[in-house]
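Me: I am new to this structure and would like a close look at one part of it.

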Amino acid sequence: MNKHWSIVLLAVLFEVIWVIGLKHSHSIWAWGGTAFAVVFTFYLLLLAGRFLPVGTVYTVFTGLGTAGTVMAGVLFFDESLSIAKVLLLAILLAGVIGLKTVTSHDAKEGDA
């Protein structure tokens, strides 16, 4: 994995943090941390978009962010996990992985 995709994964991590913060922030400090995570997430996304295909980056970002947020809810906040949720997350991740896999080498150069 190259450093640009590592930046996308870091953006995904901060996305999960700020989405959780939107629901669970109850103080000015928590809201400040959430706002920082939002800004930092989109800074990282813009940075990665300079070097990678924007459509693929955004798909990976939103897909992994969605899956990460669902899993964080299950692991840290006792949200329910059903077979349907697992199946739908698997379909989502298959789509993200498929799109990443079929992205042509020329598109990965992506300076345009």
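With which side chain does the side chain of Thr34 make a polar contact?

Reply: This is a predicted model, in which local features need pLDDT of at least 70, side-chain atom pairs count only at pLDDT 80 or more, and totals for chains, interfaces and linings use all residues. Residues are numbered from 1 along each chain as its sequence is written, and side-chain values use heavy atoms, with hydrogens and water left out.

The partner is Ser25: its side chain and that of Thr34 make a polar contact at 3.0 Å. A polar contact is a pair of N or O atoms within 3.5 Å; within protein, one must be able to donate a hydrogen and the other to accept it, and residues adjacent in sequence count only if both atoms are side-chain atoms. Thr34 belongs to helix H2, residues 28-49. Helices are DSSP runs (H or I, at least four residues), numbered from the N terminus. Thr34 counts as buried because its relative accessibility is 5%, where buried means under 20% relative accessible area with a 1.4 Å probe, protein chains only.

Leaving aside neighbours within four places in sequence, Thr34 is in contact with Trp18, Gly21, Leu22 and Ser25; contact means heavy atoms within 4.5 Å.

Trp18, one of these, lies in helix H1, which covers residues 3-24. Trp18 is also buried, since its relative accessible area is 15%. Not counting residues up to four places away in sequence, Trp18 touches Thr34, Ala37, Val38, Thr41 and Phe42. The C-alpha atoms of Trp18 and Val39 are 9.6 Å apart, with the two residues 21 apart along the chain.

Note on methods
Helices (H or I, at least four residues) and strands (E, at least two) are DSSP runs, numbered from the N terminus. Buried means under 20% relative accessible area, exposed over 50%, partly exposed in between (1.4 Å probe, protein chains only).
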